[in-house]
Amino acid sequence: VVYQVPFLAHACLEPVNCTVHVRKDACDIWVGIQVPARAKTAAAELTGLPEEAVQVHNHLIGGGFGRRLEIDFVIHAVKIAKQVDYPVKVIWSREEDTRHSTLRPFHYNHLSAGLDEQNRPVAWTHKVTGGSILARWAPPAFVNGIDRDAVRDASGPYAFPNVKVQYVRHEPPAGITPAFWRGVGHTQNAFMVEGLLDELIHVAKADPFEYRYPLLQEHPRAIKVLQLLREKSDWDSPLPQGHGRGLALTYCFSTYAAQVAEVSVSANGDVRVLKVTTVVDCGIPINPDSVVAQIQGGTFFGLTAALFGDITFKDGRVEQGNFDTYRMLRINEVPELITHTVESSEAPGGLGEVSTVTIAPAVVNAIYAATGKRLRSLPINTQELRTT
């Protein structure tokens, strides 16, 4: 089968901006950025100053999501500031950032699985096709033609007896720059892996929780997460017609997380995500409130992309600009969110991206449970779900 995900913008609430003051013997930069060292090096090269003469005053970033792993807007500001004797602040409008920014790459992936007589998976094949971020952003990490981020999580945490993962580098046209996006390679591949696994589960007429347990014997923490999630999500309780629940699991950034999404699908194909239950084992929860906040923020970010996110082109130009054409999740569309944390003495893991990874496959699997229609591409196409 073919699964695909679109180009995505970062759509940070605070558009990128940078203030620079260039002098004969020094350069000061005021910016919110995820890579201050790269900004410092770039400014030194542009001004001809030694790096120790460049001072980066890093501030809160107003939303990064990978957009502020780039220094294009810093370079832009430094080039302008070199022309004058006073500080210059450069702000990109939202339209400028959407149309001229870096994008999460489009992926067009082929997946297949082999089953035994009991409909258990014995072979897993995943061919990943898309542009390489690492080849541009960190060339030493692009080894033997393999982008390790692009194939990250290509078989999930599951112990399939036989696994074959391939990477086919296919760059977009000039002017489109693939870049990291919240959740990095996990966001593409978890959608696809959890989707195909759900297809296998329905072929086997199996329970989505029970089917996973034998595949997770090397990850007892994942099994514990799933067991708690089944209880907390009311998985076994009946639902009205047109409603469905979907499950997705991830192991990323040393954290185990799983979500159950409950959705309703109307006769005209409108999808409403009603409730999302998350269970996370992130090791020792240093700040429990932060765990909840990160799960909520990541869920909203990933759900927005799953429902609406799609950067398209016409006559060589990005068609989207502001939030009127690049939709965000609105307050009346926000589902009920319930988060549970597994007590753990393991080392702390990451949290900022895990729910962004799981929400899209959880919702799509729930849509299948509600309608019997399998969606293998994002964003969710409501036209495919219409029954009237």
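Helices (H or I, at least four residues) and strands (E, at least two) are DSSP runs, numbered from the N terminus. The structure is a predicted model, in which local features need pLDDT of at least 70, side-chain atom pairs count only at pLDDT 80 or more, and totals for chains, interfaces and linings use all residues. Residues are numbered from 1 along each chain as its sequence is written, and side-chain values use heavy atoms, with hydrogens and water left out.

**Exercise 1. The surroundings of A347**

Task: Locate A347 and identify which residues A347 touches.

Solution. 
Step 1. The loop between β14 (336–341) and α9 (354–371) holds A347.
Step 2. A347 counts as exposed because its relative accessibility is 57%.
Step 3. Contact means heavy atoms within 4.5 Å. Not counting residues up to four places away in sequence, A347 touches C282, G283 and I284.
Step 4. From A347 to D72 the separation is 275 residues in sequence and 36 Å in space, C-alpha to C-alpha.
Step 5. The segment after α9 contains P379. L378 and P379 are joined by a cis peptide bond, with omega about 0°.

**Exercise 2. The partners of strand β7**

Task: State how strand β7 runs relative to β6 and to β8.

Solution. 
Step 1. Strands of a sheet pair through backbone hydrogen bonds, either parallel or antiparallel. Two strands pair if DSSP finds at least two bridges between them.
Step 2. β6 (residues 107–115) and β7 (residues 121–130) run antiparallel and are joined by 7 bridges. H110 has K127 in β7 as its bridge partner.
Step 3. β6 and β7 form a hairpin with 5 residues between them, and N119 in the turn has a positive phi of about 60°.
Step 4. β7 and β8 (residues 163–169) run parallel, with 7 bridges joining them. Y167 in β8 stands opposite V128.

**Exercise 3. The sheet with β9 and β14**

Task: Give the strand order of the open sheet formed by 4 strands, and explain why one side of each edge strand is left without a neighbour.

Solution. 
Step 1. The order is β9-β10-β11-β14, and the pairing is mixed.
Step 2. β9 (243–252) and β14 stand at the edges with a single partner strand each, so one side of each has no neighbour in the sheet.
Step 3. From one strand to the next, the twist averages 15°.
Step 4. β9 and β10 (residues 255–265) run antiparallel and share 10 bridges. L247 has V260 in β10 as its bridge partner.
Step 5. Axes are lines fitted to C-alpha atoms, for helices over the stretch in contact, and angles run from 0 to 180 degrees between N-to-C directions. α9 lies across β9, β10 and β11 (271–281), at about 150° to β9.

**Exercise 4. Two helix pairs**

Task: Describe how α1 crosses α2 and how α8 crosses α9.

Solution. 
Step 1. Two packed helices are described by the angle between their axes and the distance between the axes. Angles under 35 degrees count as roughly parallel, over 145 as roughly antiparallel, 65 to 115 as roughly perpendicular and the rest as oblique.
Step 2. The axes of α1 (residues 36–47) and α2 (residues 72–81) come within 10 Å and cross at roughly 30°. The two helices α1 and α2 are therefore roughly parallel.
Step 3. The contact is made by A39, A42, A43, L46 and T47 of α1 with V74, I75, V78 and K79 of α2.
Step 4. The axes of α8 (residues 288–308) and α9 come within 7 Å and cross at roughly 45°. α8 and α9 are therefore oblique to each other.
Step 5. Among the residues that meet are Q294, I295 and G298 in α8 and V354, S355 and T356 in α9.

Notes
Buried < 20%, exposed > 50% of the residue type's maximum accessible area, 1.4 Å probe, protein only.
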